[in-house]
Amino acid sequence: MGRSRRGPPASPASKALDEAEQAQQRGERQSGAEALRHFEEAVARFRQALAYPDLPASKRPDALFGLGESLQQLAEQTVRQAEGLPDSLLTSQAEFQARELACRLYNESIQTYQQVTEQGRMRVDACVNCGNALTSLAELMEAPAATQGQAAQQQQQQQQQCALYRQAVAMYDDALQQEEDALTHSNKGDALMQLSQALWDAGQVLEAQVTSQSALTSYETSCSLSSSSEGDDLPGLLANWGTGLITAGKYAAELAQRTALIDAAIARLQNCAEFARCDTAPLVSLGDALMAKAELNPSVKSVLTPEAGSMASSPSVPEILGAAALLQQALKDGYSAALHINKGTTEAQLGFAEAHAGLARLAASTGDLAAAAQYLQQAAAAYESVLRVPEEIGGFRERCDVRYNAMCVLALASRDAEACSILQQLIACGAVSTSDVAKDPDLAGRPWVQQLLLSSHDVCLEGEGMA
């Protein structure tokens, strides 16, 4: 009887590297706390492998790349885990702590990717992943609205955010110099568009306009390099391009330019929806584009998104009818079409609610209060459906924004007790200030609001959730 032959036992470094890769793969197959546990194990094992002196030099770049990737995945899962907390546990402090930890992990990931070299320069895949990590880190550093005494802090945060987006673009450029790739061009377009938005917010208008145009060029290049017949995700790339056009259209200086960009977005997204008939994402974005087109007219926008002290003139009846037709098209071709594919699509439900709220405002502006009441009822029902599963909305701020919008719809529908209850919760958890409430045109002149403001104080109860 012959003997089975076994090879020499694996070295400690090789064993740790195998265990690290297996833990990472398990994390990618899991979600929630289980995914976190496996990614933490992967990080520990990759570090262990890298610490062994017997790790072959040829395996070191892959071990470093695996460590960078596991740190990046751990950061993503940390944020996702916090966003999935129930309302009773998700506080602004809990979200802040999760984001702070994720920022540290992204920074470690970025530093690790920068060590993955080949022939004296960063490897292509490390450049791309590093760019993605830098973009994610910049998103987490989104500067809050400045309050009195915080303008300098906000400006510093905006500068840091812009610097991170610029570093991400540089990483993508480095990768593209080594290898042309459609997805990398699209990722570069996303980073440039986000940089453009950050520059707009910081008041750097001219640079924002140039950056926005560069982003659109990257999206166009991405799609020109793609072919569905070769397995490329052309619909996804078209959707990215369309979303970028919407953003560019909102920030463009001239009305004619804004209109042209939004129209181009609508065309791209309609084309994308034809490619991917079972995908809800391009349909939701199409609805967003049509909503954005309805708001291009300043007079109509003052009705759809009223602001205190607005000097915009009242829209004419033809302007109101034109805007209403666009909102109806946003529902039919966008949000309702997405909900027909998957009725649980949160983004489509929110778009459905916002479109009906807009139709209610337009109807009320013409004196058609019966139609306005019907639209408000549909908007309130959509918000109620979304808020049954708040974990699908996103983090603390996203949930608070949705609740505030729902509260405004309920107030407009004269459902005062329900609106008051939500507003009390938002004030209590520090999501909204009484000064902001006092300036909201939707709430002006309502006795219950005045009574609530008199009895409330701008105190952020950090340990209190929204439940």
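Visitor: Which residues in H13 meet which residues in H14?

Guide: This is a predicted model, where local features need pLDDT of at least 70, side-chain atom pairs count only at pLDDT 80 or more, and totals for chains, interfaces and linings use all residues. Residues are numbered from 1 along each chain as its sequence is written, and side-chain values use heavy atoms, without hydrogens and water. Contact means heavy atoms within 4.5 Å. In H13, the residues include Ile320, Leu327, Leu331 and Tyr335. Their partners in H14 include Phe352, Ala355, Leu359 and Leu362.

Visitor: What classes of residue make up the contact of H13 with H14?

Guide: It has 13 nonpolar, seven polar and no charged residues. Ala, Val, Leu, Ile, Met, Phe, Trp, Tyr, Cys and Pro count as nonpolar; Asp, Glu, Lys and Arg as charged; the others, Gly among them, as polar.

Visitor: How do I read the axes of H13 and H14?

Guide: Two packed helices are described by the angle between their axes and the distance between the axes. Axes are lines fitted to C-alpha atoms over the stretch in contact, and angles run from 0 to 180 degrees between N-to-C directions. Here H13 (residues 317-341) and H14 (residues 346-365) come within 9 Å and cross at roughly 160°. That makes H13 roughly antiparallel to H14 (over 145 degrees).

Visitor: How many helices and strands are in the protein?

Guide: There are 19 helices and two strands. Both are DSSP runs, numbered from the N terminus: helices are H or I, at least four residues; strands are E, at least two.

Visitor: What share of the protein counts as buried?

Guide: Buried means under 20% relative accessible area (1.4 Å probe, protein chains only). Of the 467 residues, 48% count as buried.

Technical notes. Parallel < 35°, antiparallel > 145°, perpendicular 65-115°, else oblique. Buried < 20%, exposed > 50% of the residue type's maximum accessible area, 1.4 Å probe, protein only.
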